[in-house]
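Try each task before reading its solution.

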Amino acid sequence: MLTLQINGTEQTLDAPAEMPLLWVLRDILGMTGTKFGCGIAQCGACTVHIDGKPVRSCVLPVGALQNRAITTIEAIGATPEGAKVQKAWLDLEVVQCGYCQSGQIMSATALLAATPNPDDSDIDAAMAGNICRCGTYVRIRAAIKQAASGVKS
Amino acid sequence: MRIAAQSTQVSRRSLLTGALAGGFLFAFHLPARARGVNEPVEPPDSTSGKFAPNALIRIDPSGSITLVMPQVEMGQGVYTAIAMILAEELDADFAQVTLEHAPPDDKLYGNPMFGIQVTGNSNSIRSWWPKLRAAGAATRAMLVQAAAKQWQVDAASCTASKSAVAHKESGRTLTYGELALAANSETPPKDSPLKQVKEFVYIGQPLKRLDTPDKVNGKAVYGIDALLPNMKFATVMACPVLGGKVRAVDDSAARGLPGVRKIVVLDDAVAVVGDHMWAAKKGLEALKIEWDEGANASVNSEQIWRDLRAESAKDGAVAKSDGDVVKGLATGDRFEADYELPLLAHATMEPINATVHFKGDSCEVWTGTQVMTRIQSEVAKAVGLPVDRVTVYNHLLGGGFGRKLEPDMAVTAARIARQMDGPVKVVWTREEDTRHDVYRPAYRDSIAASLSGGKIQAWKYKVAGSSVMARWLPPAFHKGIDIDAVDSAVDLPYDIPNFHVEYVRAEPKGVVTGFWRGVGPNNNVFAIESFMDELAHRIGKDPIEFRRGMLGKNPRALAALNLVAEKSGWGGALPARVGRGVCLQPSFASFIATVIEAEVDESGEVHLRRITSAVDTGIAVNPDTIKAQLEGGLIFGVTAALYGEITLDKGRVQQSNFNDYRMLRIDQAPKIDIHVMKSSEPPGGIGETGATAGPPALRNAIYAATGVALRRLPIDRKMIAGRKA
């Protein structure tokens, strides 16, 4: 049995240690906000936070995560940066199909927590691992700047 | 319009209700959640006790207004646009509408242009525009009549606004909820008057989308998120050689793995069912499968191109012929070119999937699809049940782009579920999704034209490529013409006196082709607009000036071109190895002019600097959505131009995942400015348009920057390395 700290709640479950966190969240715990996109850490759709840092849950064995704080899209709005990012995303109508946006928001939130006033190159570095097939990049960039500054760009 | 006052079969319990930033209240009815873990199964409920004058609108005595969405939401914003149009003519309070996915029913929800329930070809708003308005207006008239009757006043003295009817003289009002039951017995008037454009309160406003709040907090439910009590999880592998079959399976190593529950062997694929996707994946990896590679085992890209070029040399079926093209081509300066476009995969972010519960005498399907009724009928066929024994629950789509115009994922999932006792969710890995797509056809487009006096005198155009229509909608392939493959080739915006278009159907061996964002026009607009630049170059004319001279009969296209020239800074000085390229298209009943500014560095790498588009799409129902669709569509198009190509070797697709089937990322995304033009023409299509505009505008920018006339996609860096104009 494994004990995980997910969004501030302790979850005890039975899963092989090498099983990626993504499938534990989606298929064992029914937390479907974190998405499967590629399975090889190429697209970022599965991004979650471990102790506040963005990681790709599709390649992250769950066995190594006991006593680490796992945060998913379902709870990111409870953090100050997460709430700001979600609000900017809605204000600027970033979202189209929305499938990648859980991951985009998790990456953007981690960026703002580490770098409160990111410039374009900070945004490129933090967000280039997240693919959006609908092509919402222009608005993602603007929304991150708005979330950082509080000013509509 | 009175379609039918009958309920859908879908249960109506709303699960998710929340306040939006703008104060809107909405709820999506989401069957997967409603019937999810620890939830009792609900019986279908009916519309009794509600005002349901047609299949799209239901008003409850409590005042809640439910709008049933006949088209599907895959990111294009159509749910919000449809709701805006209905609410506009209904005079409903947009802040309080609830949306519901439509069940499969061609009669009630069939796309008026196709006659079946299809979302595609950028025609949701175009095709539904009159019907949505009439449905809203007739419903409003019935509510007004009911109020007038109750007050014993003339209906003409009553007004409606924000879900209530008022009688100004007496100061009385009744809400739509209060009127709902009385309105049920009213007869809908014939031809209820529609609003004038200047009377619109919602249409034309950048209202907030109704589907997005749950897409930023993880609550939105896509097909892949369906959860059911006791469900199992499966993943599947088809023969790596396209069209191959299973010969034998050794499952001894897979059987003992923890969480693996069943190995399902189909004739053309093998699935492993487990307690979760991880177990299914590990199980699949542990199988030893012997394949019968079949007839395509030696197919490769070189052969596909050799065949296509040979077919393209033949005469085609004539799609259009005006004037005398033979004579026209014999006079003036004749010029010819051929353009080639590769096979492409869709790569929706949500890999294909379907969840199916086969119960012997009935079957339920949870998925996100562009073709509800086709899923229902194809699953029925696959499991041997009558169509009415198959229930389909649609979901939000994590990207469609044409991939979800196919029912194959639900059919395969149903064949697997047929061997199971409970529900099974089948999710394709990215690798399987990429290697077993229905691919955008490869095309070879050949153009000959003659120039005289700075204008085109004759134009002979031939499209050669696979006919998607011949497989997907056979009546649309008629007398040798695929109407989609020649779309935008038969109706150029330019005045050309001698004009001739042919089509050659050429099927790539072993490859199943499908619709891809931009559909037919994405090959034609590329060839036409690339060739237009080459013609301009030949006579030393500015590309925009050259186009302008032939737009006398097309004021909307001309206005878009003029606006983009102004907004893009066309003609302004640029550094070395930087160029601007233009594309003009009248496709999907929208007139769009686009300029891309790009740099080609010494190594041949392309850097996008700026994209500007001017769009006249008629009445812009939601102008912010139109901007978003252009922004995203342009990125989609230039992604394909820069990276997209599916190749085959030994019958196998060589690409598999985002490491070898590359996507544009944020660090390569340019600034994009979209200018939506005012218009009172009926709405045009928009979702496909950026995907068709991006590649030729980029190709022409590279032409301007390097002087190299690329005639093949994706862009070949070797051809432009070290070159400057």
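## Exercise 1: where the chains meet

Start with the contact between the two chains: in this predicted model, 48 residues of chain A are in contact with 49 residues of chain B.

**Task.** Work out which helices of chain B each supply at least two residues of the side that touches chain A, and how that side divides into nonpolar, polar and charged residues.

**Solution.** 
- Step 1: go through the helices of chain B. Both α7 (277-286) and α17 (623-643) each put in at least two residues.
- Step 2: look for the largest share. That comes from α17(B), with six residues.
- Step 3: sort the chain B side by residue type. You get 26 nonpolar, 12 polar and 11 charged residues.

## Exercise 2: the sheet under α17

**Task.** Find the strand order of the open four-stranded sheet in chain B and say which strands stand at its edges. Then place α17(B) relative to β27 and β30 of chain B.

**Solution.** 
- Step 1: read off the order, which is β25-β26-β27-β30 in chain B, with mixed pairing.
- Step 2: count partners. β25 (578-585) and β30 (671-676) of chain B have a single partner strand each, so they are the edges and one side of each has no neighbour in the sheet.
- Step 3: On average, neighbouring strands here are turned by 15° against each other, direction ignored.
- Step 4: zoom in on one pair. β27 (residues 606-616) and β30 of chain B run parallel and are joined by six bridges; B:Thr612 stands opposite B:Asp673 in β30(B).
- Step 5: α17(B) lies across β27 and β30 of chain B, at about 135° to β30(B).

## Exercise 3: a helix in the interior

**Solution.** 
- Step 1: tally burial along α11(B), residues 408-417.
- Step 2: name some of them. Among the buried ones are B:Met409, B:Val411, B:Ala414 and B:Ile416.
- Step 3: look at the largest nonpolar core, a set of 276 residues in which B:Leu86, B:Val365 and B:Ala414 have the most contacts. Its largest share, 13 residues, comes from helix α4 (residues 124-151) of chain B.

## Exercise 4: the chains side by side

**Task.** What are the helix and strand counts of chain A and chain B, and how does the radius of gyration of each chain sit against the globule rule?

**Solution.** 
- Step 1: chain A has six helices and five strands, running β-β-α-β-β-β-α-α-α-α-α from the N terminus. Its radius of gyration is 15 Å, close to the 15 Å that the rule gives for 153 residues, so chain A is as compact as a globular protein of that length.
- Step 2: chain B has 19 helices and 30 strands. Here the radius of gyration is 27 Å, close to the rule's 27 Å for 725 residues, so chain B is likewise as compact as a globular protein of that length.
- Step 3: Buried residues make up 60% of chain A and 57% of chain B.

Terms used: Residues numbered from 1 in each chain as written. Chains lettered and ligands numbered in written order. Predicted model: local features only at pLDDT ≥ 70, side-chain atom pairs only at ≥ 80, totals over all residues. Buried ≥ 20, exposed ≤ 12 C-beta atoms within 10 Å, placed from the backbone. Core = buried A, V, L, I, M, F, W, Y, C linked by C-beta atoms within 7 Å. Rg over C-alpha atoms; globule rule 2.2 N^0.38 Å. Contact = placed C-beta atoms within 7 Å. Nonpolar A, V, L, I, M, F, W, Y, C, P; charged D, E, K, R; others polar. Pairing = 2+ DSSP bridges. Axes fitted to C-alpha atoms, helices over the stretch in contact; angles between N-to-C directions.
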